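Dear colleague,

I am passing on the structure we spoke about, and below it I have set out what was found. Please read the notes with the structure open beside them.

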Amino acid sequence: MLEIKGLVKSYGSKEVLHGIDLEVRDGEIFGFIGPNGAGKSTTLKCLSGILPFEKGDIKIGGYDILTNPMEAKRITAYLPDNPDIYENLTGIQFLNFVGDVFNVPSDVRTQRINDLSRELEIYENLGDQVSSYSHGMKQKLALISAFLHEPKFLVLDEPFVGLDPKAAFILKQKMKQLCERGSSVLFSSHVLEVVEKLCDRVGIMVAGEFRQIGATEDIIADQSLEQVFLELDKNETPLETH
């Protein structure tokens, strides 16, 4: 689903991604962890087409993000850690706008919006302006927009921030269901317990490089993901791929 080779990204004279390689397989949930400033969000913005990069190749579903950007983005949903939502629109207007962008048929769109908004308990608020929403409500609205076209590749940056426990549980279930239908999920998170329990594979990034990439059970062995992460962050060991 995702193939990154030799990705290099700099801000001015400072190189922040040092030729990273990453693959996300069809039907898997991939967890992306690392300390603040490691380069996680930068990587996600590069693969989503938001940020340019100096070197490397990125393909989503076989489509090169530079030479076939529309095809790559058509099958992708990207949700940043602090999503910008048009606050002068109502919730339903915003969702219909996203549905129009991705050409979701009106009958399919209506059913998905109704189902997701009821599950996330914001159905009664869809007629209100987004500016009146709490942070948690905005996060739920953004999540509905991400699932609206049932993307083949779902990319989430810290998706559990601001969600109540019930909404977090629903999100995890929706991620699993999406992958059961052949889609893939890549998400970054500081909630290591969620990553450990939810993800098929994990990538640990430190200082713009992957220190480990592999199956979750292989990486943690007889430790917790928290212990592995803290040890890698401390020692900055070479990359190990499982």
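F97 is partly exposed, at a relative accessible area of 38%, where partly exposed lies between buried (under 20%) and exposed (over 50%), with a 1.4 Å probe and protein chains only. This is a predicted model, in which local features need pLDDT of at least 70 and side-chain atom pairs count only at pLDDT 80 or more, while totals for chains, interfaces and linings use all residues. Residues are numbered from 1 along each chain as its sequence is written, and side-chain values use heavy atoms, with hydrogens and water left out.

F97 sits in helix α3 (residues 91–101), a helix being a DSSP run (H or I) of at least four residues, numbered from the N terminus.

The largest cavity has about 60 Å³ of space, and its lining includes L116, F147 and K174. The elements that give two or more residues to this lining are α5 (135–147) and α6 (165–180), and α6 gives the most, with four residues.

The second largest cavity has about 30 Å³ of space, and among the residues that line it are E119, K140 and D164. Here too α6 gives the most to the lining, with three residues.

Best wishes

Note on methods:
1 Å grid on protein atoms, 1.4 Å probe; cavity = no way out; pocket = protein on both sides within 12 Å on 5 of 7 lines; lining within 4 Å. Points joined across faces, edges and corners; volume = space filled by probe spheres on them.
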